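The following pages ask the reader to study a protein structure step by step. Please keep the sequence and the model in view while reading.

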Amino acid sequence: MFSEKDLVERSIEDMAAEVKELLAEAERLKEEHEAALQKEMHLRTRSVEARPTDAAAAEQLWQEAEELHESAKEMLSLSMEKRLRAGDVQHRIEIHDQIESMDSSEEIWREAAKAGRG
């Protein structure tokens with residue numbers, strides 16, 4: 001699950017902005033998924049109610065509900081992919097922060113060792 005963005009050096013700010021965008025997009029997709037599921041249930045209910053009087057209309061409603069169901073599944077899948085990608089980028093940020101803290105702690109230890117000898 002790599003993107004072209006993984007192949008170029010980026011600032012922490014750019015990566016943090018990407019995490020924020022990915023999470024916002026994931027949330028939007030999740031909300032659309034939930035709305036689609038509600039609409040699907042409404043269409044299925046209408047289909048069942050229409051079946052005794054208009055079988056063709058009922059079948060059309062049922063098919064619309066099926067298409068909506070597939071679309072909702074795809075939205076949920078995309079939402080999860082966005083969340084996973086955000087987690088991956090966030091993990092990279094955390095690794096970067098850990099490396100930077102290690103680098104500065106080594107410098108502090110060197111300074112302390114020099115000061116202790118003097």
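The structure is a predicted model, in which local features need pLDDT of at least 70 and side-chain atom pairs count only at pLDDT 80 or more, while totals for chains, interfaces and linings use all residues. Residues are numbered from 1 along each chain as its sequence is written, and side-chain values use heavy atoms, with hydrogens and water left out.

The protein chain contains two helices and zero strands. Both kinds of element are DSSP runs numbered from the N terminus: a helix is a run of H or I with at least four residues, and a strand is a run of E with at least two. Helix α1 covers residues 12–50, and helix α2 covers residues 55–117. Contact here means heavy atoms within 4.5 Å. Among the contacts in the protein chain with a separation of 6 or more, 77% are made by residues 24 or more positions apart.

How much of the protein chain counts as buried? Of its 118 residues, the buried share is 22%. A residue is called buried under 20% relative accessible area, exposed over 50%, and partly exposed in between, with a 1.4 Å probe and protein chains only. The accessible surface of the protein chain comes to about 8,700 Å², and carbon and sulfur atoms hold 57% of this area. Such areas come from the Shrake-Rupley method with a 1.4 Å probe, and for residues only the protein chains shown count as cover.

The interior may be considered next. In soluble globular proteins, nonpolar side chains tend to be buried together. A nonpolar core is a set of buried Ala, Val, Leu, Ile, Met, Phe, Trp, Tyr and Cys residues joined through side-chain atoms within 4.5 Å. The largest such core in this model has eight residues, namely Leu29, Ala36, Leu43, Leu61, Ala65, Leu68, Ala72 and Met75. The elements that give two or more residues to this core are α1 and α2, and α2 supplies the largest share, five residues. Apart from this core lies another of six residues, including Met15, Val19, Val89 and Ile93. Met75, a member of the largest core, touches Leu29, Glu32, His33 and Ala36 when residues up to four places away in sequence are not counted.

A salt bridge is a side-chain nitrogen of Lys or Arg within 4 Å of a carboxyl oxygen of Asp or Glu, and a search of the whole structure finds 12 of them. One is formed by Arg85 and Glu18, at 3.2 Å from N to O. Because Arg85 lies in helix α2 and Glu18 in helix α1, this pair ties together parts that are 67 residues apart in sequence. Are these two residues buried or exposed? Both Arg85 and Glu18 are buried.

A second salt bridge joins the side chains of Arg83 and Glu27, at 3.0 Å from N to O. Arg83 belongs to helix α2 and Glu27 to helix α1, so this pair links parts that are 56 residues apart in sequence. Arg83 counts as partly exposed because its relative accessibility is 29%, and Glu27 is likewise partly exposed at 31%.

Arg28 is partly exposed, at 35% relative accessibility, and Glu32 is partly exposed at 32%. Elsewhere, salt bridges that share partners join Arg10, Glu18, Arg85, Asp88 and Arg92 into one network.

The side chain of Arg28 also makes a polar contact with the side chain of Glu25, at 2.4 Å. A polar contact is a pair of N or O atoms within 3.5 Å; within protein, one must be able to donate a hydrogen and the other to accept it, and residues adjacent in sequence count only if both atoms are side-chain atoms. Arg28 and Met75 are 47 residues apart in sequence and 9.3 Å apart in space, C-alpha to C-alpha.

Ser79, in helix α2, counts as buried because its relative accessibility is 1%. Leaving out residues up to four places away in sequence, Ser79 touches Ala26, Leu29 and Lys30. Arg44, in helix α1, is buried at 13% relative accessibility. Setting aside its neighbours within four places in sequence, Arg44 is in contact with Trp62, Ala65, Glu66 and His69.
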